[in-house]
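User: I would like to learn how to read strands, sheets and helix contacts in a model like this one. Could we go through them one feature at a time?

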Amino acid sequence: MPNKVVVFFLLALGIHGSLASAATVKGDAAAPVASTMANTPVGFTYATAPVPAWVVAPAPVAAPALARSAMHYELVDSQMRIEGPSATTYFRQVRVIDESAGMGPAAQIEMEFDPAYQKLTMHHISILRGTALIDKLNRQKIQLLQRETQLDARAYNGRVTASIVLDDVRIGDRIDFDYSIQGSNPVFDGRAAATEWMLVQKGPAALFHFRVLAPADRVITIQPGALVTGTTTVHDGLRDARFVRSGVAQWQNEPEMPPSAAIDTMVQVSEFSDWSDVGRWGSKLFSPALIAAPAVHREADAISRGAATPQEKLLAALTFVQRDIRYFGTELGQSSHRPALPAKVLEQRFGDCKDKVSLLIALLRELGIDAEPVLVSMTFQEDLQRLLPSPLAFDHVIARVRLDDKVYWLDGTRNFQTGGLALRQSTGLGKGLVLRSDSPLLVDLPSADNELRIDVQDVLRVARLDMPPVLESRITYYGVMAEYIRAGRAALPQAQSEALQREPYTRLYPKLQDAAALQAIEEPGANALTIVQQFTLPDFWRFPEERVLQGEFLLWNVYQMLRSPSETTRTQPYRHAFPGNYKHSVVVELPADILKAQESQPFLEANDFFTLRTTYEATARRAAISANLQVDKPMVAAAQWSAYQAALVKTRPRTNLLISFPPLTLADKDRLMVALKELDKTMANGPRATRPTTRIQAESQVREVILSAELDSGMLTPAHRAVALAKRGVQRDQIDKVKLAAADFKEAVSLAQDNAVVLSEAAANATLNAEDAQAVELAERALKLLPGDSTALLSLATARYFKEDYHGAATVWNSLLAKRAEVERGYALVWLYLATRHTGADTAAALATYQRSPDGSADWPRPVVDWLLGKSTLDQTIAKAKGDGKDASRLCEAYYFAGERFLADGDVLQAKEYFQKAVNTNIIEFREYAFAKRRLAMLDPR
């Protein structure tokens, strides 16, 4: 679908059909006997009477089991008797309530009719409950309502609904009611025209029966859909056609399903022999409305005086009808299809599609321009030919105009159209019936397949990478899309209209801020409208792992057309509302030479449904992606759904652009490469003190250099700079530069006071620097932002431990050990033991609660826990820490924890010995190394 703005504006634009849509036409026959009239407060009446004698009970059919539902239909029965110029249609439904949710739908009975030419007769309403039959035809409970549900669409049809809401309904009730509608719309000149949709929407049906009883000598075509079974017999001079569907599933409207999907459930009735016959009927209907009148002559003269050429006159007449004659349909009785006289339309200054087109044609003929009405179907479009020739096949009317060997298909209801004649064509309507009295024609109308619909051009201007970029969006809507946007801007409050235009961007950038007022720019002569918006995009750049800056774009104009309902299978076709061409481009303008120039990278996907072309290009300061989507096929058959979904999955990633680069200019990168080469030499051949002894130390030195280059580049936002500083601080902690790291964390915290990760890492550094009060404060702030964060809890407990708040430390360790993963790891157990031993409490009892899983790891630091609990000796623990002698990291931890144990027992000399051993391992990246140095400084302040 096009963007949500366009879809919403479908409701606001005054493009409406005013011809009666395909619905069952009711009629009268012999009047029912013993009828009783009921007057109502609204002035309409209905009768009550027995069932007409010609009605027959449908033959029973063995129906398959029905799907479970809140209610189901035991029977849906519709029988039509055509007699003379009119007809009577009898309706009966038997509804069964299966669950409580079905009570409401089953108890609501509605009977709709047009009082201009139809009469309603009710026969009976009853409930069978067990063996009790309860009469529910209570006149006091019947309301006749003139709802006018189409007033929002600016149409008045005068139809009346008899509404009954049954009281005291229960699960298991069998609700049985029937009624008849007498009368046919005289606009059809006494010829039969009806459609029965043999589908059910409230629940499944065991049997759906439709019958047509008509004189055998009348040539009436009855066409059942593919899902309908029928038989026809002749008796007593009548043709008796009966159609059934058994085991009818509840109808489900699948998303973007075309109305034509239900044609297979229809039975169509028509007394029109062919499309030419329908055309002759339509020509006769429109002929009086095309006769010139003085008012029309005067208006044509005014148009002629203001226009120099025939083309200008045609355009002026069309614009007058579209804009000066407002849309409003009065479709009472014959007005459902018969147009009002042009003089009347001029006088009242309103009309529906048939009224407006009649006025347009009358004006054009006065101006010497050839024009005639054309019946079209906005509902069925390209599926029109699947219908029987009938007036009911059409729901809209436009004009065919011929001028200077050119043909124009013009719609008088499109009041937001602009541009020249060539741009005002009605497209995508499939076929139309040209109403010419001499030779009515069913003709092909212009296709919309190649129309440019929407063109989006986004430009992201990055003046400085440490500041939010500015996005300028230019969305140009063409043709009917432009009309929808104009209609929405006219109908909606400004704030709401602009919010809808902004929505494709706010979905991707929730923190977006307006940088300038929205502009709506009409493209002269193009029937196009450009919407220009400017936004600043805070937090646009992501900084994953503090390595690269990343910004994301969505080619939403293309993406939305490549979206579809999520069903893996469909039973109905899928139709694009607006096939055609969609374009979207994104350009990123950078402030310096940052990107490595790349050659153009084209992509093409062409399949049975659409063609997508994308191209990505980059230079040092510019990256661009452009996409062109051509939706070639408006309809996707249900059998093609899986293939269509596969094509979408393949191409949808092409609608995203992820621009990614280190926060360094190309010159910065060159300098960084030199610095890294120098570092490599130093680590390999420099003084022994500068050489790393572990892989982590080497990696930390490299990361420190890279992060320093990124921080010096000036390309990081304050939030990203804070993260990079914290990350560099972590690297410096791991290479024993804790004082330099402290400066990094101080600046980081000042830049990102609400970043829990930065606060946690700063707290960890504070414990290494013996700033325990600061560590507690930072850790507690982090925990307010991110409760339960393990890093913050670790720093808080450690800081309290060094502050000799052993009870407080033990409380935090216990909180951390509430996480099963921490019990399995074991380090928190070591610290809980030490804190408990300082308090003099029972250490075994303190740890007894936290038993490792039977299949839990016995690896490090479990040997330390076992030694502390007296299950092994220190020598055994040291031996396990040494392992094969290739990795001293465990030995650093073993020595440190031994020192802490001796310190807790008051053996200072032993404690100093093991703290020194921990330092001598030179595992400077471990916090136990820094803690050992801290303890030595405390025990020997010299």
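User: Which residue stands opposite V456 in β32?

Analyst: Strands of a sheet pair through backbone hydrogen bonds, either parallel or antiparallel. In this predicted model, where local features need pLDDT of at least 70, side-chain atom pairs count only at pLDDT 80 or more, and totals for chains, interfaces and linings use all residues, V456 stands opposite H584 in β32. Residues are numbered from 1 along each chain as its sequence is written, and side-chain values use heavy atoms, with hydrogens and water left out. The strands concerned are β26 (residues 452-461) and β32 (residues 580-589), which pair in the parallel sense over nine bridges; two strands count as paired if DSSP finds at least two bridges between them. Helices (H or I, at least four residues) and strands (E, at least two) are DSSP runs, numbered from the N terminus.

User: In what order do the strands of the sheet that holds β26 and β32 follow one another?

Analyst: The order is β28-β29-β27-β26-β32-β35-β34-β33, an open sheet of eight strands with mixed pairing. At the edges stand β28 (513-523) and β33 (598-606), and because each has a single partner strand, one side of each is left without a neighbour in the sheet. Neighbouring strands of this sheet are turned by 10 degrees against each other on average, direction ignored; the axes behind such values are lines fitted to C-alpha atoms, for helices over the stretch in contact, and angles run from 0 to 180 degrees between N-to-C directions.

User: Which helices lie across strands of this sheet?

Analyst: Helix α8 (residues 480-491) lies across β26, β27 (470-478), β28, β29 and β32, and runs at about 65 degrees to β29. Helix α11 (residues 641-651) lies across β33 and β34 (610-619), running at about 5 degrees to β34. Contact here means heavy atoms within 4.5 Å.

User: Is E546 buried or exposed, and where does E546 lie?

Analyst: E546 lies in the loop between β29 (528-536) and β30 (549-554). With a relative accessible area of 10%, E546 is buried; buried means under 20% relative accessible area, exposed over 50%, and partly exposed in between, with a 1.4 Å probe and protein chains only. Leaving aside its neighbours within four places in sequence, E546 is in contact with R703, L707, E710, V723, A724 and K727.

User: How are α12 and α13 turned against each other?

Analyst: Two packed helices are described by the angle between their axes and the distance between the axes. The axes of α12 and helix α13 (residues 695-712) come within 10 Å and cross at roughly 155 degrees, which makes α12 roughly antiparallel to α13. Angles under 35 degrees count as roughly parallel, over 145 as roughly antiparallel, 65 to 115 as roughly perpendicular and the rest as oblique. Their contact is made by L672, A675, L676, L679 and M683 of α12 and by A698, Q701, V702, V705, I706 and A709 of α13. By class, this contact has ten nonpolar, one polar and no charged residues, where Ala, Val, Leu, Ile, Met, Phe, Trp, Tyr, Cys and Pro count as nonpolar, Asp, Glu, Lys and Arg as charged, and the others, Gly among them, as polar. R671 also lies in helix α12 (residues 666-685), and at 52% relative accessibility R671 counts as exposed.

User: What does the pairing of β6 look like?

Analyst: Strand β6 (residues 119-129) is mostly covered, with eight of its eleven residues buried. Two bridges join strand β2 (residues 45-48) to β6 in parallel, and T48 has M122 in β6 as its bridge partner. With strand β11 (residues 174-182), β6 pairs in the antiparallel sense over nine bridges, and the bridge partner of K119 in β11 is Q182. With strand β7 (residues 132-135), β6 pairs in the antiparallel sense over four bridges, where R129 stands opposite A132 in β7. The hairpin of β6 and β7 has two residues between the strands, and G130 takes a positive phi near 65 degrees there.
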